[in-house]
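Let's take a friendly walk through a protein model. Have a look at the picture below, then read on.

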Amino acid sequence: MRTAEVVIIGGGCVGTSVAYHLAALGCTDVVLLEEGELGGGSTSKAAGGIRLQHADELNCRLVLRSLPEFTSFAELTGVPIDFKQVGYLFLLDRADDVAVFERAVRMQRDLGIPTETIDLDRARELVPPIRADDLLAATFCPWEGYAAPESVVQGYAAAARRLGVTVRTGCGVTGVRTAAGRVTGVDTAEGPIAARAVVCAAGVGSAEIARQAGYDLPVHGEARWIHFSGADGGVPAHAPLTIDFSTGFYFHREGPGLLFGGRERTLEDLALPAVRRLPAIADLPIGSSWWGFYDMSPDHNAMIGAAPVEGLYYATGFSGHGFQQSPAVGEHLAELILDREPTLDLTPLSADRFRRGMSRAEKVVI
Ligand SMILES: Cc1cc2nc3c(=O)[nH]c(=O)nc-3n(C[C@H](O)[C@H](O)[C@H](O)COP(=O)(O)OP(=O)(O)OC[C@H]3O[C@@H](n4cnc5c(N)ncnc54)[C@H](O)[C@@H]3O)c2cc1C
């Protein structure tokens, strides 16, 4: 039987980040198994947003820790990720949302994040074509932005390979082997691999992987659509990623055009909130549309940690935030697996919180 110290299941931004961080810490006897193509799951469907404006402090800390890796990604891995650090602009038109954001901005500033509540003239200056007459407030943080998720996957995978990690695509895991309360390896269509540690980074497939190991990871897929127009609707090239918070409609510049999405399943349903906030969008041609799964957890916060089944590690349930957190999550799992002092204390994000009645809801969810 083949052996590896660590088997990673899933070649999205999270699995490849774990592979890279393990190798960077000196653990290179690692096999990453991806049933399809690298990045072919949720990662390649994502809008690429990297934001610090969360209501849960741990989400802010995860992205704060990830930010330097995004800004120096090309030097680290050799692959540029086109990180446009143009900020996020949240538009608020409900008093209860304003209260949530006021608390969140205070918490963010205590962490050293330069989020500001800005007046509506400044919001219009940043994104001239928005309709702002019904808004109550807006917040802006210049450290945020968006990058190319597929490039992040390719960069991590290339760097991990260079350091000695084996990356196998087209090789799905069909079973997780356990004995006496610990994992002993995995089964694949190409035969079993014995391993001391198995990492479940299988996105919406994580519930099934965990079940095979006798563990419960309550993650489920929620379909989200994104649309691209080759025209920009008057949105300036350096405009922030803009979010109409009460409806979830968001947009950012993408090359010569505009990328936009929301919670609605059809373009027809999205049209109402979209045109209300960005009237020019009504006249834009649609170039393409696609969908992917948000990997949802019951409280909209990630599940990250070591399972009670010894040797099983997991990271999933990111609920729309997995791309922006992937550097810090990869680092954290590598530290846990190698028995190092974790840089971040993420024990509150253990999936066991649901059994212990300790769920922690993230309120700023798009
Ligand atoms: C429309 C949309 C917009 C988004 N926008 C953002 C955003 O702006 N910012 C942000 O941070 N996040 C965003 N997200 C969320 C983000 O895409 C995910 O949280 C993130 O990609 C999760 O990464 P992952 O590596 O955990 O999962 P995935 O990318 O899904 O990777 C898991 C991989 O595991 C593989 N796999 C599954 N089962 C097996 C098996 N049995 N054997 C081997 N391989 C297996 C899959 O093929 C897949 O490639 C968005 C998501 C969507 C759908």
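## Sorting residues into classes

Ala, Val, Leu, Ile, Met, Phe, Trp, Tyr, Cys and Pro count here as nonpolar; Asp, Glu, Lys and Arg count as charged; the others, Gly among them, count as polar. Keep in mind that this is a predicted model.

With those classes, the shell around the ligand has 15 nonpolar, 15 polar and 5 charged residues.

## Around the ligand

In total, 35 residues surround the ligand, and the closest are E34, T43, G49, V173 and Q324. A polar backbone atom of A47 sits 3.1 Å from a nitrogen atom of the ligand.

How much of the ligand's accessible area does the protein cover? On its own the ligand has 1000 Å², and the protein covers 94% of that. Two or more residues of the shell come from each of helix 1 (13-24), strand 2 (30-34), strand 12 (220-229), strand 16 (288-296) and helix 9 (322-337). Strand 16 gives the largest share, 4 residues.

## A look at helix 4

Now find helix 4, residues 95-110. Its 16 residues reach 23 Å from the first C-alpha to the last, close to the expected 22 Å. Just after helix 4, G112 takes a positive phi of about 95°.

Which residues of helix 4 are buried? They are D97, V98, V100, F101, A104, V105, M107 and Q108. An α-helix has 3.6 residues a turn, so residues three or four places apart point the same way. The buried residues of helix 4 pack against helix 2 (57-71), strand 4 (88-92), strand 5 (116-118) and strand 6 (137-141).

Key: Residues are numbered from 1 along each chain as its sequence is written. This is a predicted model: local features need pLDDT of at least 70, side-chain atom pairs count only at pLDDT 80 or more; totals for chains, interfaces and linings use all residues. Side-chain values use heavy atoms; hydrogens and water are left out. The expected span of a helix is 1.5 Å times one less than its number of residues. Buried means under 20% relative accessible area, exposed over 50%, partly exposed in between (1.4 Å probe, protein chains only). Contact means heavy atoms within 4.5 Å. A residue is near a molecule or strand if one of its heavy atoms lies within 4 Å of it. A polar contact is a pair of N or O atoms within 3.5 Å; within protein, one must be able to donate a hydrogen and the other to accept it, and residues adjacent in sequence count only if both atoms are side-chain atoms. Accessible areas come from the Shrake-Rupley method with a 1.4 Å probe; for residues, only the protein chains shown count as cover.
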